[in-house]
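Subject: Structure handover

Hello,

Here is the structure we talked about handing over. My notes on what was found in it follow below.

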Amino acid sequence: MATEAFEDIVGTFDFLDDWEDRYRHVIELGRAMPALDEAVKVPATKVEGCASQVWLLPRIHGKGPSARFDFAGDSDAMIVRGLIAILHALYSGLPAAEAARVDAQAELARLGLAEHLSSQRSNGLRAMVGRLRALAAEAAG
């Protein structure tokens, strides 16, 4: 069920042998992501449960079952920006109903992230996934 963009990240992770290289790649993904405008960094877009400041802004294209899910995100921590970029690759462009059903834990396990993130970062990642699932479910109506 993963998008082509996410499969590209999985392929890159398979190519990179050690975790330090993968960690650097996650940071590069975050650097490449456009920053959110300060005007949308408000309580309604902030994700609670993250050690860092995290904002996720839904961008739904269309309505109802044919709606396509997309979002923008930002964080004050570069590694978290990279995790947002990975989540963007995983979810963006999917029909909203399908995005709500993505097994993010299983997909992210393919990257081996769980073994290398601190418990705080893992909790934050779960909080971001929870927010994205809720946004997708709401968009699917």
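A residue counts as buried when its relative accessible area is under 20%, and as exposed when that area is over 50%. Please keep in mind that this is a predicted model.

Arg81 and its surroundings

Arg81 lies in helix H3. Its relative accessibility is 7%, so Arg81 counts as buried. Not counting residues up to four places away in sequence, Arg81 touches Gly30, Arg31, Met33, Pro34, Ala35, Asp74 and Ser75.

One of these, Ala35, is found in the loop between H2 and S1. Is Ala35 buried or exposed? With a relative accessible area of 58%, Ala35 is exposed. Leaving aside neighbours within four places in sequence, Ala35 is in contact with Asp74 and Arg81. Thr45 is ten residues from Ala35 in sequence, and the two are 14 Å apart in space, C-alpha to C-alpha.

Helix packing

Helix H2 covers residues 19-32 and helix H3 covers residues 78-91. The two pack with their axes 7 Å apart, at an angle of about 80 degrees. H2 and H3 are therefore roughly perpendicular to each other. On the H2 side the contact is made by Tyr23, Val26, Ile27, Leu29, Gly30 and Arg31. On the H3 side it is made by Met78, Ile79, Arg81, Gly82, Leu83, Ala85 and Ile86. Sorted by class, the contact of H2 with H3 has nine nonpolar, two polar and two charged residues.

By class, the contact of H1 with H3 has six nonpolar residues, no polar and no charged ones.

Strands

Strand S1 spans residues 54-58, and strand S2 spans residues 71-75. The two run antiparallel and are joined by five bridges. Trp55 has Asp74 in S2 as its bridge partner. Four of the five residues of S1 are buried, so the strand is largely enclosed by the rest of the structure.

Aromatic pairs

How many aromatic pairs does a search of the whole structure find? The search finds three. In one of them, the ring centres of Phe13 and Trp19 are 6.1 Å apart and the planes stand at 65 degrees, so the pair is edge-to-face. Phe13 and Trp19 are buried.

Phe69 and Tyr91 form an aromatic pair that is edge-to-face, with 6.3 Å from centre to centre and 70 degrees between the planes. This pair links distant parts of the chain, since Phe69 sits in the loop between S1 and S2 and Tyr91 in helix H3, 22 residues apart. Phe69 is buried, as is Tyr91. Ring pairs also bring in Phe71, linking Phe69, Phe71 and Tyr91 into a cluster.

Regards

Methods
Residues are numbered from 1 along each chain as its sequence is written. This is a predicted model: local features need pLDDT of at least 70, side-chain atom pairs count only at pLDDT 80 or more; totals for chains, interfaces and linings use all residues. Side-chain values use heavy atoms; hydrogens and water are left out. Axes are lines fitted to C-alpha atoms, for helices over the stretch in contact, and angles run from 0 to 180 degrees between N-to-C directions. Angles under 35 degrees count as roughly parallel, over 145 as roughly antiparallel, 65 to 115 as roughly perpendicular and the rest as oblique. Contact means heavy atoms within 4.5 Å. Ala, Val, Leu, Ile, Met, Phe, Trp, Tyr, Cys and Pro count as nonpolar, Asp, Glu, Lys and Arg as charged, and the others, Gly among them, as polar. Buried means under 20% relative accessible area, exposed over 50%, partly exposed in between (1.4 Å probe, protein chains only). Two strands pair if DSSP finds at least two bridges between them. Rings of Phe, Tyr and Trp (its six-membered ring) pair if their centres lie within 6.5 Å; planes under 30 degrees apart count as stacked, over 60 as edge-to-face and the rest as tilted.
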